[in-house]
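Subject: Structure handover and notes

Hello,

Here is the structure for you to take over. My notes follow after it.

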Amino acid sequence: MDTAPQAQPPFHETSEDTPDIGGGLPVIEYWAKHTLSPEGPKLWKTLFHHSACLSCSWGTGGQKGGFTNEEGEKLQRCMKSVEAISAEIQPPVPAHFFDTHSIAQLQKLSSLEADRLGRLSFPVIRRAGSDHYERISWDEVYTIATAAFQKSPERVASYSSGRSSNEAAFLLQLILRTLGSNNLADCSDLCHAPSTTALQEMFGTQTSIVSLESLKQADCVVLAGANSAYNHPRLMNELIKLRDRGGKVIVINPVMEIGLVKFGSPAFPIKSLIPGSEIASLYLQPVPGSDVALFVGIQKALIEQGHVKQEFLQACTEGWEAVLEQARSTPWETITATCGVSQPEIEAAAAIIGDSKGVVFGWAMGITQQTNGVDNVYSIANTALISAQIARLGAGVMPVRGHSNVQGFGSMGVTVKLKEEIKQALEQLLGRSLNLPKGYHTRDLIEAAEAGKVDSLICVGGNLYGANPDSAQAERALGNIGTIIYLATKPNIGHFNGLAKTNTIIIPVLNRFENPHKTTVESGNNFVRLNDEGKTHLENADLISEVEFLTELAHRVLGDAPIKWRKLQDTRYVRQLIARTIPGYEKIGTIDDTKEEFTIAGRIVTESHFKTPSGKAKMFTTPLPDLTLPEPEDFGIDQSTKSLVLALMTGRSYAQHNTVVYKIGDQYRGMPHRHCILLNRLDAEKIGLAEHDRVTVQGDADKLDNVEVIYGAVREGAALMFYPEVNVIFKARTETRSGTPAYKRVPVVVYSDKISI
């Protein structure tokens, strides 16, 4: 089979202002600008601090040094890391800011404007009926918080993000479960929950089974539904090195992201930075939500090309016969019509996989944020198993996670699906049964709050309002909760729009490199880093660490039984409890003395034995999705109005971290501001739209007017807009097994009042 390099992706049209490569000189210009600014000394001091990167789960840092990864390689900081640090070393929000700015004014702020207000440096409260936040004493904070968390446990909940530490995460779940609540919603419910669900069923694990060491031995990476050039730039260094050693990269994404075609990395200033390094060997652009069809097609081609590893399947897997039969019996016409990728392209992908010695399959939100996200992950893992590209160095499956410690929160038990072995260990620690009610994941929490079933909520980081679909519903739901306590370093739009019915309190906390105690975090590849103590740059600030606040609250609510909660303000002691209760984390109990950062035991799979009851990987058939879109009339659009129904993908801009926006435009996609829609030219011309025309984009919850049309390298029938701004227009259609909303396939209708028949 000819697998010659692809000339260019099928849908490749970009704006004339779009750079020819991702990364490159704009990254250096950004570093230079911030280095030479007044914040420069603080920035570099923080970059060299022995603490893990604040940004993505591929970040560096810890005891090896600020620019060093787990393999000891240098020059591994990226622009996203600098963006995150720059935001954290801002001056404080002015002392009288909340006195002079009403809630109504604050609700008009964009995500970028809210973040630019500065660092929170004293606790504030918005009381029922008040149109302002006001400063509050710590005594009153604890009085209100204690009363709130003495409510019935089924009416108490938490929400969290990966911004904080393992120690804070462990304490959060320990406190909630001691109270009798299993309502531990987490931001991972909105992103990689389908990954954890599927991987647990198939392999008995919920994380990547590939280490950085293993990735370095691969000669092929399949990267599906991920824009790592923007969101995980350090992974790009590994792809560059893979291509340099003769390997191949298959990219699967409905949008041609320029950085996944060619990327200029500052880690390789001579060979890569300015000319750029080739990334994609083959770029497939499927219909959003059709990934199951594409991977079944790859499986079918692997069968036809003789690349099926029958002996491996018989010895190491269950359910393989049905998976192979599904691929054999599904007609090519059905596969290509569903996914929109041609048979020769699919066969080329299969040939690359089949001819490679070691293939790592990675994926992110484009795979998981679908109504069939679990099936998507099944189909990827099935493909790895069929070709025996798993359970050895240089091969395997690797969810590419976003936030820096989102995986650590799951490991610490911040989940409604607590592993049985952790449950038993916690029961022994607490001396009580933890057979608790099912608990609310994030979408269940919103639904329960809207129904008036939640009295008290504590948010450890994150932006629960901004991260959810149907912003109006999120605002209503949070408005039904009696008391909400936000722990945060900076303001976000959720603090102004996610207001509680009675008391909304914002607690200003220290960030990762400011804590007066050591903490740890976990990378997406299961590596635990140790963060040194630090000191805040804020003078005369009234801040607190999350560990101190959580333990003091627990002491006031629960007393000294069954745990002496104030003793847990010593994070060394917390780590000893983690070592006793979290499988694979045994080394954390002595990390203060050894300074030995480590890969979590039992996570990396290099032998053909899995943590399933049978010891075999369990394979599942994956039904092809029905991707029928509504008609314009279903949106109430009159037949006299020319309109276009599309599958909208929501996404981050290149200068964005989760819901936090650092820059208004996205030069790599040619989108000058946040109020744009990226369209294929052919789609736009179907209804007479020209680039830069203004349109209405309408979903099933609301609409946005005056949206600017930008022509881009997105496949026909699809479009892209920025999250969280676009969340307002669509309701949550969730993956039923994991609860994750389908952010990457939102049916919308696009029209302009100027265009009619």
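Below is what turned up, grouped by kind of feature.

Please keep in mind that this is a predicted model.

Aromatic rings

The search over the whole structure gave 14 aromatic pairs. One of them is Y585 with F598, an edge-to-face pair with 6.0 Å from centre to centre and 85 degrees between the planes. Y585 is in the loop between α29 (571-581) and α30 (591-594), while F598 belongs to strand β19 (residues 598-599), so this pair ties together parts that are 13 residues apart in sequence. Y585 and F598 are both buried.

Another pair is Y654 with Y668. The ring centres are 4.9 Å apart and the planes stand at 85 degrees; since planes over 60 degrees apart count as edge-to-face, the pair of Y654 and Y668 is therefore edge-to-face. Y654 comes from the loop between β21 (641-651) and β22 (656-657), and Y668 from the loop between β23 (660-661) and β24 (676-679), so the pair ties together parts 14 residues apart in sequence. Are these two tyrosines, Y654 and Y668, buried or exposed? The cut-off for buried is under 20% relative accessible area. Y654 has a relative accessible area of 7%, so Y654 is buried. Y668 has 5%, so Y668 is buried too.

There is also an aromatic cluster, formed by F97, F98, Y133 and F496.

For K271 the ring is that of F268, with 4.7 Å to the ring centre. For K567 the ring is that of Y573, and the distance to the centre is 4.3 Å.

Helix contacts

Helix α1 (residues 25-35) and helix α2 (residues 40-47) have axes that come within 7 Å and cross at roughly 115 degrees. On the α1 side the contact is made by W31, H34 and T35, and on the α2 side by G40, L43, W44 and L47. Sorted by class, the contact of α1 with α2 has 4 nonpolar and 3 polar residues, and no charged ones.

For helix α15 (residues 291-304) and helix α18 (residues 332-339), the axes come within 9 Å, and the crossing angle is roughly 145 degrees. The crossing of α15 and α18 is left-handed. From α15 the contact takes A293, L294, V296, G297, K300, A301 and E304; from α18 it takes W332, I335, T338 and C339. By class, the contact of α15 with α18 has 7 nonpolar, 2 polar and 2 charged residues.

Backbone geometry

P562 sits in the loop between α28 (546-558) and α29. The bond from Y723 to P724 is cis as well, with omega near 10 degrees. P724 is placed in the loop between β27 (718-722) and β28 (746-756).

Two residues other than glycine have positive phi. D470 has phi near 55 degrees and is in the loop between α25 (464-467) and α26 (471-479). With a relative accessibility of 10%, D470 counts as buried. N526 has phi of about 70 degrees and is in the loop between β17 (519-522) and β18 (527-531). With a relative accessibility of 0%, N526 counts as buried.

Two single positions

I209 lies in the loop between α9 (193-203) and α10 (212-215). The relative accessible area of I209 is 1%, so this residue is buried. What does I209 touch, not counting residues up to four places away in sequence? The contacts of I209 are I390, V397, R603, I604 and V605. I209 and Q173 are 36 residues apart in sequence, and their C-alpha atoms are 25 Å apart in space.

E325 is part of helix α17 (residues 320-329). With a relative accessible area of 42%, E325 is partly exposed. The C-alpha atoms of E325 and T621 are separated by 9.1 Å, and the two residues are 296 residues apart along the chain.

Regards

Terms used:
Residues are numbered from 1 along each chain as its sequence is written. This is a predicted model: local features need pLDDT of at least 70, side-chain atom pairs count only at pLDDT 80 or more; totals for chains, interfaces and linings use all residues. Side-chain values use heavy atoms; hydrogens and water are left out. Rings of Phe, Tyr and Trp (its six-membered ring) pair if their centres lie within 6.5 Å; planes under 30 degrees apart count as stacked, over 60 as edge-to-face and the rest as tilted. Helices (H or I, at least four residues) and strands (E, at least two) are DSSP runs, numbered from the N terminus. Buried means under 20% relative accessible area, exposed over 50%, partly exposed in between (1.4 Å probe, protein chains only). A charge sits over a ring if NZ of Lys or CZ of Arg is within 6 Å of the ring centre and within 35 degrees of the ring normal. Axes are lines fitted to C-alpha atoms, for helices over the stretch in contact, and angles run from 0 to 180 degrees between N-to-C directions. A crossing is left-handed if the near helix is turned anticlockwise from the far one by less than a right angle, and right-handed if clockwise. Contact means heavy atoms within 4.5 Å. Ala, Val, Leu, Ile, Met, Phe, Trp, Tyr, Cys and Pro count as nonpolar, Asp, Glu, Lys and Arg as charged, and the others, Gly among them, as polar.
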